Amino acid sequence: MKSAVLVFPGTNRETDIAGAIERSAGIKPHMVWHGDSDLPKVDLIVVAGGFSYGDYLRCGAMAAHSPIMREVKARAEKGVPVLAVCNGFQIAAEIGLVPGVLMRNAHLQFVCSDVNLKVESSQSLFTHRYQAGQVIRVPVAHAEGNYFADDDTLKRLEDRGQVAFRYCDSTGDVTAGNPNGSIRNIAGVFNDTKTVLGMMPHPENATEALFGGTDGKPLFDALAAALV
Amino acid sequence: MKARVHVTLKTGVLDPQGKAIGNALHRLGFPEVGDVRQGKFIELELAETDADRAKSRLDEMCRKLLANTVIENYRIELVS
Amino acid sequence: MKARVHVTLKTGVLDPQGKAIGNALHRLGFPEVGDVRQGKFIELELAETDADRAKSRLDEMCRKLLANTVIENYRIELVS
Amino acid sequence: MTTWEQNPPVKLPNEPAITPQIVAEHGLSPDEYQRVLKIMGREPTMVELGVFSAMWSEHCSYKSSKVWLKKLPTEAPWVIQGPGENAGVIDIGDGQAAIFKMESHNHPSYIEPYQGAATGVGGILRDVFTMGARPIANVNALRFGDPEHPKTRHLVGGVVAGIGGYGNCMGIPTVAGETSFHRAYNENCLVNAMTVGIARADRIFYAAAAGLGNPVVYVGSKTGRDGIHGATMASAEFTEDSESKRPTVQVGDPFVEKLLLEACLELMETDAIVAIQDMGAAGLTSSSFEMADKGGLGLEIALDKVPMRETGMNPYELMLSESQERMLMVLKPGREDEARRIFEKWELDFAVIGRLTDTRRMVLRWYGDVVASIPIPPVVTEAPVYERPWTATPLPPALDAATIAPPKDYADALLQLVGSPDQCSKAWIWRQYDHLIMGNTAIRPGGDAAVVRVPDGNGKALAITSDCTPRYCQAHPETGGRQAVAEAWRNLTAVGATPLACTDNMNFGNPQKPEIMGQFAGCTMGMAEACTTLAFPIVSGNVSLYNETQGRGILPTPVIGGVGVMKDVTRCVDIATREAGLVLVLIGE
Ligand SMILES: Nc1ncnc2c1ncn2[C@@H]1O[C@H](COP(=O)(O)OP(=O)(O)O)[C@@H](O)[C@H]1O
């Protein structure tokens, strides 16, 4: 699996996710600097976590307009898979790669902690190593992860099975365990072809037993298996 | 020319910041405070002398960057 | 009664937000943009009918909570 | 007579004559001003007076604490650099070094909790990455007033958000800390921040300037009128009206600091840097003096070349500004363009502002005119040092347990104890800190010490903790000082690490009071004894005095930040009791 991880000036989880990819795919991703105009031909594009341009206005707003994101959008529209985590999700939502927006956490604080996630769909190249309904434990770390979409969008998401993960408690109850106020406990969504996944939690920080557990690893294993 | 842009959350979108401010004011002894909403405003210097052109450029800035029109409204004001 | 409070950074105080927005607007093709400053504004409903009293209460709220006068200025406006 | 004295510096427009009042406003005693006159051989200009005031402030000169700090052990075979540089450096094996230090931002945090705490983190991060290290962990030690005090909630909320806001954006995990409450901190909270970084042991960067004629380069953010006189503020006791007339507090920009970190580390990969120093308290003044003094050289700076954020700034303001996210470097000749390219790629300011000279003077120019010319060595060597009078704190009589009534209900007493502000879970604090980023956190906040895997370190890890129990230090400073060190040491061993060295942050009241100085002396002696006995040297530290409001001092609070190493991270042990039926063992007296 050839992959590229985008690096904006304030990206700071690029090494975490590059490590997770390498552990599953056995090959290092290309690290692509935002100012470089050409994105290598790859099987997977990753938009990593961080504070792309300081994120002072709205998270992801400034990065969304960078030339490299135009290129990412063009590739995504041609079907190249995109994994957008945390700040990456915020950026992807800003340019409409995935539906919805991410607002300030309802309690207004940054939150870093392990959360339980219910895998809503195992029918995607990102989630086929999970069982639908499975509860996994991975961390979140963000101040603006409060997912919001209007009713029509939500209906469409639900109808087409585009909700990838929901926050839940350890029993899988998706009316509990919400760390940020997200509507319908939504933690991650697909685009309509399920080739783009945007999610707030950090599966990359749950890929080693001693460092956050291994519940995030199947996601990278799934990509490595699907994108050979 | 100087311009001011106000960005507010659309009605119906929950405003936790406003709510937190309201609660804090109550705690501090201001029971008369009712609903509170918080927004941001941005002041810009523009090298532009034509008001109409300035407005249309500002509108473009708002749509492209300053506001997320899914959840936010914006209002443009030329100050001088 | 409805009031609006604008809170701005004092001149001379670094405004990272404003700077970042200015840079982003340049990158997006708005070279006419000069200095940018970001502030916040707060809209409050008040159970108070006397304008003078409202103003003095708002002034107190600003000093106690809404602004840190070490780095911020505030401006109070009664809207209705 | 040197050429400088033939052409005495020009004064600034409207420069006031120097009166005893102006001298006092600069925090210099009449006696100290006499020293200034002797060194200068003439009346100083305002710029020069400003420089002396900053360099001789308690914060920069350690004038009250120096004699005591000398008693602390600072050496061990694994110590690469002890106190005196931006941070301490120890050898952790595999050709790697750990670089760390703790620093206080108490006064600014009381005035503007979010920005004060945030810029405290920013400052300590710069101290560590100027030496060539990539920061891998942040720690914070916090003391607040009575939880019921009307200001406490606001301070706690702001400080915690500020620490998180800065560290989270930088992408450095905040992995440990301590938080406690006592009414003695009501008007004077303590915010101590520590950073630990990793560098190659053979690529450490120091502050000593070298190479006649080498360019002196300014990088980072532009200079504004932030915190002018901040260094002097940090050295003066608070008065009732300090909230109204106080000078501006700096605002931090963690995004720019992240860029500065990456740009500096990128330039450090080349061999272009001769010396580098961050601009912290007393900004350009202390950084330029330190570099020149350590290198035994002179410096000529064209202040008009300094990137400025505002119009109308003058040399006095430029020398004393505490704008954040700035660095001063000496480059090898001819390497300016290479360095410029890197800083411009990261969208940072870059300006060649001066050259090294052999005059051992600091010559400051403003559009060609000399506005200050100060001999460097005496500013440093003749800085005032005080052996302040002190009175020892007597050992309090032992409490007779029989005089204390037993609790009526032990279960209730236990609940009260674990629910008290000092003992309760601090998860609501560290949940606001990204403690997982970088993916190396093996033991998270909430245990005795954090354990963080060292990147490219063959599976080894560092254990990190911060500790101090101020009420012990108040009861008996020597015992309290010993205890703080011993607790840090124990916390490191408890997770399975070998303790190596520590940093300290000495937070005390007004040193001009003999009983406060007695607390300082006692704590230092206790710490020295414990550090020596445990072979746990102090390699860096910070002193914050005058933590006092309306004549009441804080509790003596010498915070110890300890660092240990373990060869195999998989062997670390945390405090979780994993299964039922295991045996609990109590070790020790
Ligand atoms: N400000 C803080 N930042 C990070 N971690 C903290 C903070 N305060 C407390 N902690 C964590 O909570 C735990 C208990 O804190 P505390 O009771 O203050 O310390 P101790 O157990 O050393 O007496 C420790 O593991 C500590 O690392």
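Two residues are taken to be in contact when heavy atoms of the two lie within 4.5 Å. In the predicted model examined here, the contact between chain C and chain B draws 34 residues from chain C and 34 residues from chain B. About 2,900 Å² of area is buried between these two chains, and carbon and sulfur atoms account for 65% of that area. On the side of chain C, the residues that lose the most area to chain B are Phe30(C), Glu32(C) and Phe41(C), which together make up 22% of what that side buries.

Between chain C and chain B the count of salt bridges is two. A salt bridge links Glu32(B) with Arg57(C), and the closest N and O atoms of this pair are 2.5 Å apart. Across the interface of chain C and chain B, 15 residue pairs are in polar contact, with both residues at pLDDT 80 or more. Four elements of chain C each supply at least two residues of the side that touches chain B, namely strand E1 (2-9), helix H1 (16-27), strand E2 (33-46) and helix H2 (51-66). Of the side of chain C that touches chain B, E2(C) gives the most, with 14 residues. By residue class, the side of chain C that touches chain B divides into 17 nonpolar, six polar and 11 charged residues.

Salt bridges were also counted for the model as a whole. Over all chains the count comes to 56 salt bridges. One of these is formed by the side chains of Arg444(D) and Asp114(A), with an N to O distance of 3.0 Å. Arg444(D) is located in the loop between strand E14 (441-443) and strand E15 (450-453) of chain D, whereas Asp114(A) belongs to strand E6 (residues 111-119) of chain A; the pair therefore joins two chains.

A further residue examined is Leu14(B), which is placed in the loop between strand E1 (2-9) and helix H1 (16-27) of chain B. When neighbours within four places in sequence are left aside, Leu14(B) is in contact with Met103(A) and Leu9(B). Leu14(B) and Ile71(B) are 57 residues apart along the chain, and their C-alpha atoms are separated by 9.7 Å.

The surroundings of the ligand were examined next. Among the 16 residues around the ligand, those that come nearest are Asn140(D), Gly177(D), Thr179(D), Gly446(D) and Gly447(D). A polar atom in the side chain of Asn140(D) lies 2.7 Å from a nitrogen atom of the ligand. In the case of Thr179(D), an N or O atom of the side chain is 2.7 Å from a nitrogen atom of the ligand. Gly177(D) is placed with a backbone N or O atom 3.1 Å from an oxygen atom of the ligand. The ligand taken alone exposes 540 Å², and the protein buries 80% of that area. Elements of chain D that give two or more residues to the shell around the ligand are strand E4 (134-144), strand E5 (174-181) and helix H18 (427-430). The largest share of this shell, four residues, is contributed by E5(D). In composition, the shell around the ligand divides into six nonpolar, five polar and five charged residues.

Notes: Residues numbered from 1 in each chain as written. Chains lettered and ligands numbered in written order. Predicted model: local features only at pLDDT ≥ 70, side-chain atom pairs only at ≥ 80, totals over all residues. Heavy atoms only, no water. Near = heavy atom within 4 Å. Polar contact = N/O pair within 3.5 Å; in protein donor to acceptor, adjacent residues only side chain to side chain. Areas by Shrake-Rupley, 256 points an atom, 1.4 Å probe, with all protein chains shown as cover. Nonpolar A, V, L, I, M, F, W, Y, C, P; charged D, E, K, R; others polar. Buried area = accessible area lost by both parts, 1.4 Å probe. Salt bridge = Lys/Arg side-chain N within 4 Å of Asp/Glu carboxyl O.
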